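Dear colleague,

I am handing over the structure below, and after it I set out what was found there. Please read the notes alongside the coordinates.

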Amino acid sequence: MGRVYISPTAPDEFPINRFRNMAISKVGRPPARAVAASSASQLIRARKPAQVATSHLFYVDVDFVPSATSYQDAKQLLLKNREYSQDRTYAFVVPAFMYAGSCQDVKACLKQFGDEIPGTFPQLMSQVQQRKSKVMAFGSKSAAQDSTDYDKWMSQGAEEVRPIECLSNLRYEPYVIVRKSDLLPSFDERFTGYGKNKIQWIVHLRYLGFKFMVLPQVFLTHFPHPPSDSKNSWDSGHRQRMDKLYLDFLEELHMLAVNRGTKLQIRLCEEASGTPEEDEDSPMIIHEDGR
């Protein structure tokens, strides 16, 4: 299984050694030009998914810490569910949480919270009960993660790989493990900066007919840190340019799907905003919420 390692400065600086425990040597160190990448997608674009030397890859932002045994746990789950893991049209969702905390700089964050990030499922559940950790939200909203259904995930069997039957909204952008194949798209290099790069990739997967399965008891936790330069630039006007590009991108995907005759395998839930018919017959218009 491949993992993509992303660092904003140097591999030893951020966030915690748990990233290096995921055997990143199987993918390779990032090239020198990518070491200073400000977002995960920039490194992925430098080393495209098709260049990964292993059967699967796990796409994750630099400021997320995987659960302590996530590599071993995910590997065993994929081996036990070969009918899905060997199918190149399945994406395996790893739920994302965020640790409640704030600090002035990365070094202060590491000193203050370095030992607080949950490493095991029981530790995470304890922190959720204590409200130290919660479902990951971008800005003030959690729509980007809602379709995972975290209530179901918290009671999901330790060996149960659960399918996502429908989407609660069109804003879904989970972190996923996917099988390497020629079907797997690269990131669209027109998207730059803080936002839209991950969701454009996830939406592209949907238009290619991908289905989503949620892995049990494997998770990520967002590590607290001050706002990045990329986020500040995004809020200062770059977002508007990327928003316009994103709508154009959705039109392109829709036309591509029409021309190929591709059918979406996961639709909007009936109670979601919009209708399943609108979802399939027109480009997906995402309600903006800061990303």
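The link of Cys 166 and Cys 269 is right-handed, with 95 degrees about the S-S bond. This pair ties together distant parts of the chain, 103 residues apart, with Cys 166 in strand β8 (residues 166-167) and Cys 269 in the loop between β12 (267-268) and α9 (276-281); helices (H or I, at least four residues) and strands (E, at least two) are DSSP runs, numbered from the N terminus.

Before going further, please note that this is a predicted model, in which local features need pLDDT of at least 70 and side-chain atom pairs count only at pLDDT 80 or more, while totals for chains, interfaces and linings use all residues. Residues are numbered from 1 along each chain as its sequence is written, and side-chain values use heavy atoms, with hydrogens and water left out.

To return to the disulfides (pairs of cysteine sulfur atoms within 2.5 Å), a search of the whole structure finds two. In the bond between Cys 166 and Cys 269 the S to S distance is 2.0 Å. Cys 166 is partly exposed because its relative accessible area is 26%, whereas Cys 269, at 8%, counts as buried; here buried means under 20% relative accessible area, exposed over 50%, and partly exposed in between (1.4 Å probe, protein chains only). The other disulfide joins Cys 103 to Cys 109, with S to S at 1.6 Å, and this link is also right-handed, with 70 degrees about the S-S bond. Cys 103 counts as buried at 17% relative accessibility, and Cys 109 is buried too, with a relative accessible area of 0%. With bonded cysteines counted along the chain, the pattern is 1-2, 3-4.

Gln 200 is found in helix α7 (residues 197-207), and it counts as buried because its relative accessibility is 1%. Leaving aside residues up to four places away in sequence, Gln 200 touches Phe 187, Asp 188, Phe 191, Tyr 246 and Phe 249, a contact being heavy atoms within 4.5 Å.

Arg 131 has a positive phi near 65 degrees and sits in the loop between α5 (121-129) and β6 (133-135), where it counts as exposed at 75% relative accessibility. Gln 217 has a positive phi of about 60 degrees.

As to confidence, the protein chain averages a pLDDT (the predictor's confidence in each residue, from 0 to 100) of 76, and 74% of the residues score at least 70. Over residues 1-43 the pLDDT is below 50, although this stretch has 111 contacts in the model beyond near neighbours in sequence.
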